Amino acid sequence: MRKAFSLLLSALMIASCNEETWTPQEPATPTQKEEAVSHEMIELGRKLKNPYTVKNMSAAISALYPTRADVEVPATDMYVRFLPDGQKDLNTLDSLGVVLFDYPLDYEIKTDGDYYHDPSIPEDEVSWQYAVVPSAFAFPEGIRHEILDECYIPKEEMVTKGLEDIDWDNVERTAFEQTGNGDMLVPDTRGRKVHPEGYIKIVDDKFPQSRTFGVCGVKVIGRVFVKFGQDYTDDKGHYKLNKKFSSKPHYSIRFKNKAGFKIGFNKILVTASTSTLGKGSHSGKNVTIDKKSGDKVFRRCVVNNAAYEYYTKCSSYGVTPPPQNLRIWILDLIKPSCAMMMHHGTLLDNSLLKKYLKYYVSAIRIFVPDITIGTRDKDYKYDEIFSVTMHELAHASHFARVGKNYWSLLTERMLANLAMTGDMYGSGKGESEGIIGVSEMWGYFMEYSLYKERYGRDVAQKDDLWFHPEALEDLQKKGISKKDLFFALNSNVRDIETYFDYLAESCPSKKAIINRVYKQYYK
């Protein structure tokens, strides 16, 4: 699997559709010290006693209420672990709403990090994934699992028959003390547990006023043993977890965005990358991502915010957004980016791709991103990462408009150009290159336009592109909306001339302007 995975990444580098070119280079040496928390592998310490087991919670009740010494609380949840066999199993668990952690939840964390891999599992295979599921959970067939503990996790407004008058906050604290975890409790929380809340923000020092912005739409998780709360941040980066705590949770960002996209992977492909934020107060944690936070979490937050902003802009423009469940990978060792849309069915049976990957083409069926963002030499460059993300998301909208057959033809033409000439865009004169021109004209136009909307200045544009994305910019200045420009990108449009014909038909009052712009740039 490791060899196939390496070949896949090489193929992605070759098949990139962004303007960058790629040459093999050694990994860059980090220049920025990561001071807050580590974003490498978690280092575990000793195994701890889980205070939330049925046995330990029942013992706490007996200690506080001696007349109920024989009472055993019913299990509300199960602490389990799964051993998924690849991406399909991970997808199944994700579809069932299971929140997975790749490290055991009842161990001390000596050094926090973004991922953990069980040493008993080969490095090129998915490691054990830990979860807390309801006691009545129906385990999916074919996915290996083990039940580690039956647990009682008190929930707000939950009434347990025969135990209606129990002070569950006090029981929970007592269970911590009796299991040797009393030092984890915050002394001043007796009787006033709260929902942790705070803000996750990021600094964009390329913005004219050097402002901070909320990290939008990501999932924030706070966890103590098997009890965890979660919430999605709002447009200002605010979150409020759905569980109360009396001890300091471990906080993390899970890059599964409420807008409908996921950013992943960590060491091994998962449903979404996780960035640790370390321990924080039981009442919440405020975090501002900047150059001191580490380049991994910085890149993820920038791509997240760019994508979230793109989806929002699509709604305001009337442009079709990318398809739901979009998968975005961030590749920090390469420059190019691409939108091959493999997760949504493009190129899986393409003969040219098979020629490149030979029998490793089966790896594509397992590891299937839609968009890859190359961020080499873009460390902490918010505006550059923003720009390229917008470009690829514009392609994803185009894909949603024209479908996978069109996209397979487009990508095949680009691969063929690259194989023959080393230039994926071609000159505009080759066979079937018109479809490339249409796609890239739109991609660059949206990249340039959205960059200027955010920063109030033009991005560094290429002036030698034969498909002239500035023509669409000119049309927009003359009163033709992005919605009209987008919807002329139908599946029958395979060259720029046809695109302008459809645009003129759909905007008859602007036909003369459209024809003049076409002659200005393409005749």
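Residues are numbered from 1 along each chain as its sequence is written, and side-chain values use heavy atoms, with hydrogens and water left out. Since the model is a prediction, local features need pLDDT of at least 70 and side-chain atom pairs count only at pLDDT 80 or more, while totals for chains, interfaces and linings use all residues.

Three strands form an open sheet in the order S4-S2-S5, with antiparallel pairing; strands here are DSSP E runs of at least two residues, helices are H or I runs of at least four, and both are numbered from the N terminus. Strand S4 (129-134) and strand S5 (144-151) are the edge strands, each pairing on one side only. On average, neighbouring strands of this sheet are turned by 30° against each other, direction ignored (axes are lines fitted to C-alpha atoms, for helices over the stretch in contact, and angles run from 0 to 180 degrees between N-to-C directions). Strand S2 (residues 77-83) and S4 run antiparallel and are joined by six bridges, where pairing asks for at least two DSSP bridges between two strands. In one of these pairings, Val 80 has Ala 131 of S4 as its bridge partner.

H12 has its own buried set, made up of Ile 496, Tyr 499, Phe 500, Leu 503 and Ala 504. These residues sit on the same side of H12 because they cover an arc of only 135° around the axis, the arc being that of the directions from the helix axis to the C-beta atoms. Among the elements that cover them are H9, H10, H11 and H13. At the N-terminal end, Asp 495 caps H12, with a side-chain oxygen 3.2 Å from the backbone nitrogen of Glu 497.

Ser 449 belongs to helix H9 and counts as buried, at 11% relative accessibility. Leaving aside neighbours within four places in sequence, Ser 449 is in contact (heavy atoms within 4.5 Å) with Gln 476 and Lys 482. Gly 428, in the loop between helix H8 (404-421) and H9, is partly exposed at 33%. Not counting residues up to four places away in sequence, Gly 428 touches Glu 433 and Trp 466. Its C-alpha atom is 9.8 Å from that of Ile 496, 68 residues apart along the chain.

His 250, in strand S11 (residues 250-254), is buried with a relative accessible area of 17%, and its contacts beyond four places in sequence include Ile 109, Asp 112, Arg 223 and Lys 279. Met 341 lies in the loop between strand S16 (338-339) and helix H6 (351-357). Though not a glycine, Met 341 has a positive phi of about 60°, and its relative accessible area is 0%, so Met 341 counts as buried.

Definitions and conventions:
Buried < 20%, exposed > 50% of the residue type's maximum accessible area, 1.4 Å probe, protein only. Polar contact = N/O pair within 3.5 Å; in protein donor to acceptor, adjacent residues only side chain to side chain.
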